[in-house]
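Thanks for coming. Please have the sequence and the model open.

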Protein chains: 2
Amino acid sequence: MTTARTNHQVRLAKRPETTATREHWNFTTEPVADPSDGGVLVQTLSLSLDPAMRGWLNDAKSYIPPVAIGEVMRAGGVGRVLASKNPAFAVGDTVYGTLGVQEYALLPQEAIQRAGLVKIDLGMGTVGQWLNVLGMPGMTGYFGLLDIGQPQPGQTVVVSAAAGAVGQTVGQLAKIKGCRAVGIAGGQAKCDWVVRELGFDACIDYKAGPGAVREGLKQHCPKGVDVYFDNVGGEILDHVLAKLARKARVIVCGAISQYNNANSMPGAGPRNYLSLLVNRARMEGMVVFDYADRFPQAIAELAGYLKDGRMQSKEDVVQGLDSFPETLNKLFAGGNFGKLVLQVAAA
Amino acid sequence: MTTARTNHQVRLAKRPETTATREHWNFTTEPVADPSDGGVLVQTLSLSLDPAMRGWLNDAKSYIPPVAIGEVMRAGGVGRVLASKNPAFAVGDTVYGTLGVQEYALLPQEAIQRAGLVKIDLGMGTVGQWLNVLGMPGMTGYFGLLDIGQPQPGQTVVVSAAAGAVGQTVGQLAKIKGCRAVGIAGGQAKCDWVVRELGFDACIDYKAGPGAVREGLKQHCPKGVDVYFDNVGGEILDHVLAKLARKARVIVCGAISQYNNANSMPGAGPRNYLSLLVNRARMEGMVVFDYADRFPQAIAELAGYLKDGRMQSKEDVVQGLDSFPETLNKLFAGGNFGKLVLQVAAA
């Protein structure tokens with residue numbers, strides 16, 4: 001029944017030195033095969049496009065290995081089980097996992113766990129929400145903010161890339177936990193959107209001029225920054241370090257400003273890191289996969305906030321596998337308002 | 001009785017841009033007065049010379065205010081009470097406190113607490129030991145290593161400026177707690193001394209060539225660095241960041257490599273800080289004064305190790321107040337083997 005289908009795929013053709021463009025990708029097709037014993041065949045519905053993807057293109061040590069040349073580009077996504085020879089999955093199940101940038105993911109038994117394939121309940125949230133607040137970005141924001149950041153009511157939480165997937169979870173969750181939420185984002189329109197649509201107390205436009213971040217932090221964080229959730233690194237990190245409150249916590253979650261660089265270690269470090277000493281502050285890295293055993297409880301909590309309206313899940317949905325190269329770059333150009341999702345097939 | 005004495009003092013004449021030399025100091029004399037009601041007069045026996053002193057010369061925000069132009073240079077020291085109009089101190093008591101670089105400290109009642117003046121027991125340790133393992137450096141090493149570093153038996157602890165006051169406490173305490181202790185110091189003679197006299201498992205000579213620290217860490221920390229106690233910052237910090245073990249802890253205690261700089265914020269940050277992300281590691285600043293209420297228990301523990309021979313307290317004692325400018329710079333030239341002490345008067 002499935003053998004007549006053709007699988008369109010996006011594979012890594014060569015490693016980009018800076019920005020990945022169409023020449024770095026190969027568009028391939030292959031026939032869709034039936035699953036072997038213990039395996040499943042999943043049709044991709046929507047894929048999550050994330051800043052971390054850029055790091056996977058570099059041939060450098062990171063928390064997961066790079067994507068190999070010729071390999072289907074790694075991507076998490078939501079799909080539907082089309083055929084199953086595994087008792088844990090039934091035809092018609094909606095699943096989340098590392099499906100890759102392709103229309104169909106054929107997962108042999110031994111690949112199912114590696115892909116992190118799990119059934120998800122569309123009664124708890126939409127496909128978009130499962131890639132956003134209920135997905136890896138939401139988990140990253142949840143555990144990074146709460147476990148590493150340990151925000152206390154009344155404290156000031158600052159998050160960069162505030163309109164993105166992680167940022168929107170962090171800021172809204174900070175508000176729910178009784179904190180002041182200050183975003184940093186690019187462009188006045190996006191900042192307005194962060195305040196109006198996501199309910200942040202303020203949002204600083206880092207594109208508004210050389211002193212904009214410093215002045216914005218001064219204005220909106222008069223008592224200093226208690227928690228900084230850093231998605232961007234670079235100069236913005238330095239500005240926030242200079243405004244840390246006593247005993248502040250900096251969550252190192254990413255450094256999108258540095259990702260379009262073939263060397264995973266950036267050229268400049270945070271000049272103001274000695275602010276950690278003066279302020280007895282902490283800077284700590286987090287990788288979301290470490291919290292996998294606690295995802296269910298976090299998802300349940302966040303789904304509750306989505307249902308009762310205390311949290312919004314905002315997605316920026318782009319259609320079609322073929323647009324993948326340009327859509328990915330929207331992230332680095334700051335073009336997305338909300339979690340960037342590539343819709344491959346309608347749910 | 002005390003009015004016939006003359007107090008020799010070293011005062012800050014002007015702020016150094018880089019290294020403080022003799023031209024940045026004024027040598028002054030003034031008659032020694034009797035204490036007013038509630039005050040004490042203390043004769044300086046020995047002063048602690050510390051890397052942090054260089055930071056106090058800069059007109060920049062730090063955890064304590066800069067020394068003012070014309071002010072007696074701030075210094076902690078051990079002294080003897082010569083005259084007292086305060087019931088908490090008796091003539092002949094040995095005390096520790098911020099006495100300043102001068103032969104006599106006249107402390108009015110309101111200055112006693114600010115100077116942190118406390119009685120010390122020479123039965124627990126010598127004057128030198130009270131400035132070293134039982135003093136601020138020892139407290140810094142103790143709370144930095146144990147509270148922030150949280151070393152577990154079998155883990156690898158690396159400490160820079162290993163032959164210095166803080167470094168010797170950190171490495172020896174790491175050994176006592178069942179860890180592998182690896183020092184970083186300048187020069188083969190000093191490294192040999194660190195291993196032989198202080199009992200470190202290994203010591204890396206950072207002056208041995210461009211790849212020396214990287215190679216040394218590779219050789220002596222095959223499982224990575226679990227705890228790094230950073231006294232120096234700069235390139236050494238970057239090398240250690242690149243070798244962090246999973247869940248490592250970096251204690252930011254100082255950045256002596258950056259201190260001879262009028263701007264308290266150094267020119268370059270740690271390029272490899274994203275190693276914190278990859279390794280889920282933590283970098284945290286500590287200021288010893290925050291632990292003041294726990295000093296007595298730490299001193300008791302460390303004095304026990306000195307008595308039973310499990311810990312050595314090594315001091316490099318230089319004689320005479322007049323040598324202060326050159327003696328201070330010995331720290332930054334790496335000339336000292338052990339805690340640098342300026343002896344002003346015999347005990």
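One term is needed at the start: the radius of gyration here is taken over C-alpha atoms, and the rule for a globule is 2.2 Å times the number of residues to the power 0.38. For 347 residues, a compact globule would have a radius of gyration near 20 Å, and chain A, at 20 Å, agrees with that. Keep in mind that this is a predicted model.

Now the overall build of chain A. The C-alpha trace spans about 65 × 45 × 35 Å along its principal axes. There are 11 helices and 15 strands in chain A. Of its 347 residues, 59% are buried. How much of the contact set in chain A joins residues at least 24 apart, among contacts between residues at least 6 apart in sequence? The figure is 68%. The accessible surface of chain A comes to about 13300 Å², and carbon and sulfur atoms account for 51% of that.

Next, how the chains are arranged. Two copies of a chain are related by a rotation about an axis and a shift along it. In this model, chain A is superposed on chain B by a rotation of 180 degrees with 0.0 Å of shift along the axis, and the RMSD is 0.0 Å. That is the relation of a two-fold axis. Within chain A, G269(A) has the C-alpha nearest the axis, 2.0 Å from it. As for the interface, 100% of the interface residues of chain A are also interface residues in chain B, so the copies meet through the same surface.

Let me turn to one helix, α6 of chain A, residues 188-198. Its buried residues are K190(A), C191(A), W193(A), V194(A) and L198(A). Why are they on the same side of α6(A)? They cover an arc of only 160 degrees around the axis, which places them there. After α6(A) comes G199(A), with a positive phi, near 80 degrees.

Is Q129(B) buried or exposed? It is buried, with a relative accessible area of 18%, and the cut-off for buried is under 20%. Leaving out residues up to four places away in sequence, Q129(B) touches M124(B), L134(B), G135(B), L306(B), S313(B) and E315(B). By contrast, 32 Å separates the C-alpha atoms of Q129(B) and E23(B), which are 106 residues apart along the chain.

Last, the cysteines. C203(B) is buried, with a relative accessible area of 13%. For C253(B), the closest cysteine sulfur is in C203(B), 17 Å from its own and too far for a bond. C253(B) is buried as well, at a relative accessible area of 15%.

That is where I will stop.

Conventions:
Residues numbered from 1 in each chain as written. Chains lettered and ligands numbered in written order. Predicted model: local features only at pLDDT ≥ 70, side-chain atom pairs only at ≥ 80, totals over all residues. Heavy atoms only, no water. Least-squares fit on C-alpha atoms with pLDDT ≥ 70 in both. Contact = heavy atoms within 4.5 Å. Buried < 20%, exposed > 50% of the residue type's maximum accessible area, 1.4 Å probe, protein only. Disulfide = S-S within 2.5 Å. Helix = DSSP H or I, 4+ residues; strand = E, 2+ residues; numbered from the N terminus. Arc of directions from axis to C-beta. Areas by Shrake-Rupley, 256 points an atom, 1.4 Å probe, with all protein chains shown as cover.
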